[in-house]
Amino acid sequence: MQRSLVGSEMCIRDRYISFLLLHASRGIFIAIAICLYLCLIAKRKVKVKIIITVVILIIGVIGIVFFKPILTVANDIFINMNIHIEAISKNLKLYEEGKLGNGREKVYAWASEGIKEHPWIGNGIGEYADRYGTYPHNLLLQAWYEGGIIFFALMLYFLGYSVYVFIFDKKTDDNKKYILILFFSISIIR
């Protein structure tokens, strides 16, 4: 009985992973990658953290420079295996259309205009969604747009403190760091 339960749990896990790979957006993949990166460096010494970060940044720059060829090759490989991954095909299409930002330039501009209107006190919580029917796709922009400079500074402080805890703080318990990494990954990166 125990053996079949484990097999059934693995089957469910495999279905979730399959669903994620086939249908998730690039934001999900970025959040997962950042979560894995932060978990990788969480217990390391500062010097090792810096080395890992530099290597990952170099890989990231190479990925940006060769973005289209990498996606094209990956897409061709998956298509030959009869697998369609939405994030790859969507990003290729957006890149070819010159719209890789997927409309984010417009929502950033709307947020900037609103910040210029009321930089100190903001426009009110939920005002961006009420006015534009979406969100700015940037936590700090949204904080400044809706709550003004004080709310923006507060969010920037928490973000900065989180980065400090990840990189330099040796006193914080590892489990607390992992919880902080989880919350950071699912809320900041979107």
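I number residues from 1 along each chain as its sequence is written, and side-chain values use heavy atoms, with hydrogens and water left out. Since the model is predicted, local features need pLDDT of at least 70 and side-chain atom pairs count only at pLDDT 80 or more, while totals for chains, interfaces and linings use all residues.

I looked up the second largest pocket, which has a volume of about 260 Å³. A pocket here is an open set of points on a 1 Å grid over the protein atoms alone, where a 1.4 Å probe fits, with protein on both sides within 12 Å along at least five of seven lines. The volume is the space filled by probe spheres set on the points, which are joined across faces, edges and corners. Ten residues line this pocket, and I30, A33, I34, Y37 and I56 are the closest to its centre; a lining residue has an atom within 4 Å of a point. Helices α2 (26-41) and α3 (46-65) each give two or more residues to the lining, and α2 gives the largest share, five. Helices are DSSP runs (H or I, at least four residues), numbered from the N terminus. I sorted the lining into nine nonpolar residues, one polar and no charged.

**Aromatic pairs.** I searched the whole structure and found eight aromatic pairs. Rings of Phe, Tyr and Trp (its six-membered ring) pair if their centres lie within 6.5 Å; planes under 30 degrees apart count as stacked, over 60 as edge-to-face and the rest as tilted. The ring centres of Y128 and Y145 are 5.0 Å apart and the planes stand at 85°, so I logged the pair as edge-to-face. Y128 is in helix α7 (residues 127-132) and Y145 in helix α8 (residues 139-167), 17 residues apart. Both Y128 and Y145 are buried (under 20% relative accessible area; exposed is over 50%, partly exposed in between, with a 1.4 Å probe and protein chains only). Ring pairs also join W110, Y128, Y132 and Y145 into a cluster.

**Cores.** A nonpolar core is a set of buried Ala, Val, Leu, Ile, Met, Phe, Trp, Tyr and Cys residues joined through side-chain atoms within 4.5 Å. I listed nine residues in the largest one: C35, Y37, L38, I41, A42, I52, F166, I181 and F184.

**Y164.** I checked Y164 in helix α8 and found it partly exposed, at 43% relative accessible area.

Conventions: Ala, Val, Leu, Ile, Met, Phe, Trp, Tyr, Cys and Pro count as nonpolar, Asp, Glu, Lys and Arg as charged, and the others, Gly among them, as polar.
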